[in-house]
Amino acid sequence: MPQNQIKYFQKGFNFSQDGPGNRLVYHLYGCNFRCPWCANPECFAADTKVTAQTVEEVANEILRSRPMFFSGGGVTFTGGEPTLQFEALKELLIIIKEQNIHTAIECNASHPRLCELFPYIDHLMMDLKHPSDAAHKAIVGMGNQTVLDNIAAAASTRQLALRIPLVNGYNTDDACIDGFIGFLSTLPQNPLLTVELISYHEYGKVKWQKHGMEYTVQNGFVPPARLAEIRERFRQAGISTIQT
Ligand code: SF4
């Protein structure tokens, strides 16, 4: 029987960006969304160079890297969308959790079986792109019902770092902000839930062009005064946010 493989387009160490401490970060290939502002469009570009390794090979590499996991570090799986490689990822997480490696996942919350991975994830990061199902589908190509269900499930039971990318022209008008706040207000009080408002940036723009794809976001930067207003609206609703 062929062994499950992990397919990734980038890996390397970074400190305190994709979870706590010094981390070995794997960017898994593939994504089921097409966010126009994606900073890692090589995750779905057809000409991306992809490396495939068996779960066993990746697990051994992670275990050999253990001395580098200082300051509470460990391994992070991001993307692309890591849960697209669900079976291989689950198998790998089980192996490395048995060895007490700290694990983090950064995902778009769209996988219908995501909850199965919760017992093997120490630090869970999930994105919410838009509160409206129809607008979510129009912008990224898929609706958000499973996303909302997964966020609610995680927020009810465990640590969750929820991130909301704020992109002018897509999700920063009053109706969207009310939608975000309305959804977040339905979640239970959870001291392990954090909400991060991520300001638009264009770090990925050049990569879209490099891979022959059109970058369609125009005027995505949110004016500082509007960012302050948005943050204040969250605060008034009793939701504290981290702004980055
Ligand atoms: S979900 Fe993440 S990786 Fe996928 S397209 Fe959107 S920003 Fe890019």
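The legends below describe close-up views of a predicted model.

**View A. The open sheet of nine strands.** The strand order is β3-β1-β2-β4-β5-β6-β7-β8-β9, and the pairing is mixed. Strands β3 (51-54) and β9 (242-243) form the edges, each pairing on one side only. Helix α7 (residues 224-236) packs on the sheet and touches β7 (160-166), β8 (193-199) and β9. The direction of helix α7 makes about 165° with that of β8.

**View B. Pairing of strands β1 and β2.** Strand β1 (residues 5-15) and strand β2 (residues 22-28) run antiparallel and are joined by seven bridges. F15 stands opposite N22 in β2.

View C. V55 counts as buried because it has 22 C-beta neighbours inside 10 Å, the cut-off for burial being 20 or more. Leaving out residues up to four places away in sequence, V55 touches Q3, N4, I6, A88, E91 and L92. Q3 is 52 residues from V55 in sequence, yet the C-alpha atoms of the two are 7.3 Å apart.

**View D. The largest nonpolar core.** This core has 55 residues, and L92, I105, M126 and I151 have the most contacts inside it. Helix α2 (residues 86-98) contributes the largest share of the core, five residues. Leaving out residues up to four places away in sequence, M126 touches C107, A109, N150, I151, A154, L160 and L162.

**View E. Residues around the ligand.** The shell consists of C31, F33, R34, C35, C38, N40, C43, G79, G80, E81 and N108. Five of the shell residues are nonpolar, four are polar and two are charged.

Note on methods:
Residues numbered from 1 in each chain as written. Predicted model: local features only at pLDDT ≥ 70, side-chain atom pairs only at ≥ 80, totals over all residues. Near = placed C-beta within 6 Å. Nonpolar A, V, L, I, M, F, W, Y, C, P; charged D, E, K, R; others polar. Buried ≥ 20, exposed ≤ 12 C-beta atoms within 10 Å, placed from the backbone. Contact = placed C-beta atoms within 7 Å. Core = buried A, V, L, I, M, F, W, Y, C linked by C-beta atoms within 7 Å. Helix = DSSP H or I, 4+ residues; strand = E, 2+ residues; numbered from the N terminus. Pairing = 2+ DSSP bridges. Axes fitted to C-alpha atoms, helices over the stretch in contact; angles between N-to-C directions.
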